Amino acid sequence: MSVEQIAGEYNFAYLDEQTKRMIRRALLKALAIPGYQVPFASREMPMPYGWGTGGVQISAAIMVPEDRFKVIDQGADDTTNAVSIRRFFEKVAQVETTEKTAEATVIQTRHRIPERDLTEGQVLVYQVPIPEPLRFLEPSEVETRKMHALEEYGLMHVKLYEDIARHGEIATAYAYPVKVEGRYVMDPSPIPKFDNPKLEMAGIQLFGAGREQRIYALPPYCEVVSLDFEDYPFTRMRAEHCCDLCGAEDSYLDEVITDDAGGRMFVCSDTDFCGERRAAGHLGPLGVAESAA
Amino acid sequence: MYVAVKGGEKAIDKAHEWLEDERRGDVSVTELSVAQIREQLALAVNRVMAEGSLYDPDLAALAIKQARGDLIEAIFLIRAYRTTLPRFGYSQPVDTGAMACDRRISATFKDVPGGQVLGPTFDYTHRLLDFALEAEGLERPEPPAEAAEHPVMPRVTEFLNREGLIQDEVPPAPEADQPGDLTREPLELPAERPLRLQALTRGDEGFVLSMAYSTQRGYAKNHPFVGELRIGTVPVEAEIPELGFAIEVGEITLTECETVNQFLGSKTEPPQFTRGYGLVFGQTERKAISMALVDRALRWKELGEDDKGAPAQDEEFVLYHSDNIQATGFLEHIKLPHYVDFQSELELVRKIRREADAAQQGARREAAE
């Protein structure tokens with residue numbers, strides 16, 4: 001099927017306008033009550049649940065033809081599923097796409113917040129597998145909704161305390177729970193806890209869980225506090241290395257196995273950030289100048 | 001020199017080409033046509049229509065062909081297509097009592113008005129591989145004698161109802177709220193029975209079967225008899241606003257099952273039989289019977305029965321796990337890259353191990369001193 005054919009058969013950005021309106025209403029409610037999970041009538045999308053259907057529906061609902069769209073998975077633009085989602089919107093919305101964080105108006109992400117600070121007017125759309133931060137403590141949705149309504153978060157604090165008792169620290173490395181504007185405990189999606197401080201930002205953050213039929217949001221400059229204790233304060237965590245390609249000391253790193261004898265290297269997970277640094281002349285221990293690469 | 005992994009786009013394109021080639025298989029073997037699938041793999045087509053929630057045998061057959069026979073994948077194709085279809089309106093309730101039945105049996109009465117009609121069933125076949133089918137171009141089977149007219153087949157459970165022996169199903173008042181639509185509104189609990197039935201009729205056949213089976217084996221046992229099972233066609237009517245009355249827009253095949261279940265009575269209800277209900281697109285008997293059993297198990301609250309803690313009684317458990325498109329998506333998504341999260345775990349485990357090692361060495365040193 002050619003691009004023209006597909007684009008002709010479906011509405012702009014795939015979803016029909018009624019569905020978009022339903023999603024936009026849920027988004028407005030979510031922005032009005034930061035951190036609250038708004039039920040929405042998630043549709044079946046042409047990619048499987050778990051592949052980012054929640055994020056795709058939000059992107060489709062907010063997208064306008066003038067948008068510049070960026071998709072990252074694990075921080076990278078060239079991971080297979082990021083490629084697939086970007087292509088989907090190129091087909092069904094024919095919007096411009098970009099790999100540059102600074103140039104994008106809408107960024108859909110899975111598992112990372114870009115290293116570069118977002119600015120006002122930019123929108124970050126998260127793909128969320130399990131929106132409920134209390135789910136692994138209480139499997140019933142009926143119960144967890146009650147717990148949120150009553151602001152009953154004791155169970156979560158007990159879990160964090162038990163972690164400290166057992167491991168000497170809070171043993172959650174990603175999807176680290178946060179409290180929003182002093183009210184709702186929220187799952188920031190499975191971003192590494194390294195990214196948690198960046199949740200307070202100038203951009204709009206929208207979270208979509210397609211299979212679980214939930215949307216939630218963080219308006220710009222919203223207060224987002226990672227849960228912790230006074231004597232065990234929240235700490236970020238990253239591999240204690242610099243990026244082998246660009247030399248960055250402050251970015252989140254992927255560990256890449258290079259041989260079967262324990263050889264490994266560390267590279268920025270955010271590919272745009274790493275590329276920009278190299279283009280600006282920064283070089284890591286194993287890096288080559290961008291022009292030569 | 002390390003070069004960051006690039007080439008996702010190219011890899012995807014090549015994978016799709018390969019997939020297309022595999023789908024076709026050996027090109028010296030004749031290609032399967034959509035019509036062949038529709039006609040000769042009709043029960044697969046029925047399952048795809050039922051769980052895809054879209055009644056279109058041609059599209060279902062196409063989906064099966066495209067999915068290389070993976071029925072859940074085919075159901076997924078249909079569901080994704082269904083999303084893009086505009087919703088014109090809702091049909092009138094179909095009258096399954098007036099169904100033109102190909103098959104209609106009752107296990108509770110030896111004979112019933114309208115008769116027991118076996119129809120095209122596997123029930124009494126001996127499951128011996130028919131090697132004659134290996135040869136192609138066999139003589140055509142005799143077509144069944146065309147019944148002059150479908151006899152009237154009154155509902156079996158209504159015979160019991162006349163004596164008040166079975167719990168009455170009260171139809172909703174015409175001015176009552178329309179039942180919810182699972183595909184248009186998010187599922188919220190507790191769910192009304194119409195929503196539960198919607199979830200069950202599109203639920204995974206294997207899941208619904210196993211849930212039903214678990215009730216038979218004692219997890220919320222509800223002693224079911226197949227009061228009636230009927231398969232046949234019904235006309236579908238829809239009211240056209242401009243006309244102000246309903247007209248027939250098509251005809252669909254349905255399988256309907258009503259179970260009759262023992263009920264010993266409760267504090268408020270005298271002993272009487274109760275019902276479970278199953279209704280599924282196409283000839284999908286196993287699914288319809290399973291659905292009726294699970295429906296009955298989920299009605300424990302309404303009938304004042306005890307919560308035995310059985311999975312089939314747990315509405316949240318059943319409704320949240322019956323959809324195979326949701327289930328397979330979430331299950332299979334774990335093969336997508338997770339290396340950012342894994343890296344985070346890796347660092348955490350390394351750190352905790354370092355600390356534990358240090359603590360152990362410290363303890364050993366103390367012991368030595």
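Author: Let me begin with pairing, since two strands pair if DSSP finds at least two bridges between them, and strands themselves are DSSP runs (E, at least two residues; helices are H or I, at least four residues), numbered from the N terminus. This is a predicted model, in which local features need pLDDT of at least 70 and side-chain atom pairs count only at pLDDT 80 or more, whereas totals for chains, interfaces and linings use all residues. Residues are numbered from 1 along each chain as its sequence is written, and chains are lettered from A and ligands numbered from 1 in the order in which they are written.

Reader: What makes β1(B) and β2(B) a pair of strands?

Author: Strand β1 (residues 100–105) and strand β2 (residues 224–240) of chain B are joined by 5 bridges and run antiparallel, and the requirement is at least two bridges. Within β2(B), the residue opposite B:Arg103 is B:Ile231.

Reader: Why is α7(B) called roughly antiparallel to α9(B)?

Author: The axes of helix α7 (residues 193–202) and helix α9 (residues 285–298) of chain B cross at roughly 150° and come within 10 Å. Angles run from 0 to 180 degrees between N-to-C directions, and the axes are lines fitted to C-alpha atoms, for helices over the stretch in contact. Angles under 35 degrees count as roughly parallel, over 145 as roughly antiparallel, 65 to 115 as roughly perpendicular and the rest as oblique, so α7(B) is roughly antiparallel to α9(B).

Reader: Which residues meet where α7(B) and α9(B) touch?

Author: From α7(B) come B:Arg196, B:Leu197, B:Leu200 and B:Thr201, and they meet B:Met291, B:Val294, B:Asp295 and B:Leu298 of α9(B), where contact requires that the C-beta atoms, placed from the backbone, lie within 7 Å. The residues of this contact divide into 5 nonpolar, 1 polar and 2 charged; Ala, Val, Leu, Ile, Met, Phe, Trp, Tyr, Cys and Pro count as nonpolar, Asp, Glu, Lys and Arg as charged, and the others, Gly among them, as polar.

Reader: What makes α4(A) roughly perpendicular to α1(B)?

Author: The axes of α4(A) and helix α1 (residues 8–24) of chain B come within 9 Å and cross at roughly 80°, a value in the range set for that word, so α4(A) is roughly perpendicular to α1(B). A:Thr80, A:Val83 and A:Ser84 of α4(A) make this contact with B:Gly8, B:Glu9, B:Ala11 and B:Ile12 of α1(B), a group of 3 nonpolar, 3 polar and 1 charged residues.

Reader: How many residues does each chain bring to the contact between chain A and chain B?

Author: Chain A brings 49 residues and chain B brings 42 residues. On the side of chain A, α4 (80–92), α5 (141–149), β11 (253–257) and β12 (264–268) each supply at least two residues, and α4(A) gives the most, with 4 residues. By class, that side has 22 nonpolar, 16 polar and 11 charged residues.

Reader: What makes β1(A) and β3(A) edge strands?

Author: Each of them, β1 (38–39) and β3 (96–97) of chain A, pairs on one side only, in an open sheet of 7 strands with mixed pairing and the order β1-β9-β8-β5-β4-β2-β3. The partner of β3(A) is strand β2 (residues 68–73) of chain A, which runs parallel to β3(A) and is joined to it by 2 bridges, with A:Arg68 opposite A:Glu96. α4(A) lies across β2, β3 and β4 (106–110) of chain A, at about 160° to β2(A).

Technical notes: Two residues are in contact if their C-beta atoms, placed from the backbone, lie within 7 Å.
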